[in-house]
Amino acid sequence: MITYLKVRNLAIVEEFAVEPGPGLNVLTGETGAGKSLLIDSIEFLRGARSSTEMIRAGAEKMTAEAVFHLPSTAGEPLEALGIDVDRGDGGPIELIVKREIAGNGRGRVLINGSPLSVRELGESMNAIVEIHGQHESHNRVAGQGYRELLDEYGDHGSLLGSVGEAHREWRSAAEEFRALADAQRDRTLRLDLLRYQIDEIGAAKLAPAEEEGLRAERSMLANARQLAEATSGAFALVDDDENSALAQLARALHLVQPLANEIADIGAIAAELEDAVYRLQETSRGLSRLSDSVRHDPERLEEIEDRLVTIERLKKKYGGAVDAVLAYLETIQQEFERLSDYEANIDKLQRIEEQRFTTWRKTAESLSTARKKAAKKFETAIQSELNDLAMERTTVKVVVDAAEPARDHAAAHGLDRIEILIAPNRGEEPKAMQRIASGGELSRIQLAIAAALFKSSRNAAAATLVFDEIDAGIGGRVAEVVGRKLQELAAGNQVICVTHLPQIASFGSTHFFVWKEDAAGHTRARIRRLDSDEERVNEIARMLGGESIPASALLHARELLDGARSPAARSRR
């Protein structure tokens, strides 16, 4: 249940802060005072779409925050969304939800300090708050379509998940099959192109490291004459005559060698000269090998040039590097094999598509059977609630109309179209309720559906029910029975209700009064809880008699409050 709710800068609300109690909370006040703005703030916290137009004129941002106390069983789905939940010793869970929207359109959502997306906010609040509005009677209750209502009533979550998964798998197979079938139109042209590309790349017989070696060899051949002259000349200077560098070093070493063992400095110099001789000998051998290997081979150079041109052309066409060309070759070879084996592949994909469609159809038919079974129970439950709401002559029928299990009708939610039909009087043919029901009847029918659904829901222990002017179009005795139904729903759960009817307001266990006032040239909405009997009597009398409250209205107001509290009256139908 909601234990604290605060909203700032919403329309004409500068700041609202209330502490709803358990049971039935009623909000009353004159039309346009801002009662529904409190409901708007709850919808905002439940993940409803936001707009900067919601922000009070002159304010930078609008914020809403609430504290919820929930049973420990509500913790698991919240933790699955990454919300930090303190389960404590198994007692109630405290949930602090805050959402804001700034004038630039940016918003923020926090639950127990954890940032969430608006979609995750909606998922987390789905089982915590149910909002029933006066404009949801046509095909929707509490924001849900009739199919969603029946599935919630019948607890079809697991079956729905199976149907959705089977539908996703069938769609994947159907799209793959369709893509291959479509490819048949261009298959011959594609095969010709692939065959040409495979032959072109394959004929080149590319090797990953080939290009680097060819470029090095080309450099040697292109500079063969200069290289031969340079190496032979260098060899002659190093080691080819008696005046070569190596001969001169050997003579120097021979001169100092006798004193190397006697004088330390000479020994060091002798060692350096000896090392220089060894290194120069190695250099000489290298120059000799290189000079011998150099050859002038124009034909080989031309071969290398042609090969490098081929490699460069393939790189430009197929990937920019030899490795990329080879990877592309592997890819097109696989495609070629797949298209070449087209008949076998398309037969295989067609079998898979048919198998998965059959799986979806059987699962959807199982869901349809479960829906038809649940529809009978749902009818009975709604009828019982309608009887409580003084609509004994009204007949309700929940229709499950299953479409033909064909591919054109395949959907993730199954085969069925669900309708709730109403016959306001005995003997009449049930019809869509928005076509034949009055505003007051629609309000009571919606309340009956909500009550039947809520009593069967696994989330009933956690949810707060919110009714926004669901009493539209009713009055008198009917208003009293609606009030009793709301009181009944609130016996074990929190209910918040905006109402204009004194009969319904009298059943509230917590009563809030909303009014408007002008201050500093601005209109603002205010709210306060009516704690004393005298305050409640005066407000209910105002609802009965207007601004000028006669004594009879005060007496009637007191009678309404006493009647709502009386166990005998509570059991009366």
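## Strand S3

Buried means under 20% relative accessible area, exposed over 50% and partly exposed in between (1.4 Å probe, protein chains only). Strands (E, at least two residues) and helices (H or I, at least four) are DSSP runs, numbered from the N terminus. The model is predicted: local features need pLDDT of at least 70, side-chain atom pairs count only at pLDDT 80 or more, and totals for chains, interfaces and linings use all residues. Residues are numbered from 1 along each chain as its sequence is written, and side-chain values use heavy atoms, without hydrogens and water.

S3 spans residues 24–28 and is mostly covered, with 5 of its 5 residues buried. Leu24, Val26 and Thr28 are buried on one side. Asn25 and Leu27 are buried on the other.

## Pairing of S3

Two strands pair if DSSP finds at least two bridges between them. S3 runs parallel to S15 (residues 495–498), joined by 4 bridges. Here Leu27 has Val498 as its bridge partner.

S3 also pairs with S16 (residues 510–519), in the parallel sense, over 4 bridges. Thr28 is partnered by Phe513 of S16.

## Helices H11 and H12

The axes of H11 (residues 298–318) and H12 (residues 322–340) come within 9 Å and cross at roughly 60 degrees. H11 is therefore oblique to H12.

Ile311, Leu314, Lys315 and Tyr318 of H11 make the contact with Val322, Ala324, Val325 and Tyr328 of H12. Contact means heavy atoms within 4.5 Å.

How values were computed. Axes fitted to C-alpha atoms, helices over the stretch in contact; angles between N-to-C directions. Parallel < 35°, antiparallel > 145°, perpendicular 65-115°, else oblique.
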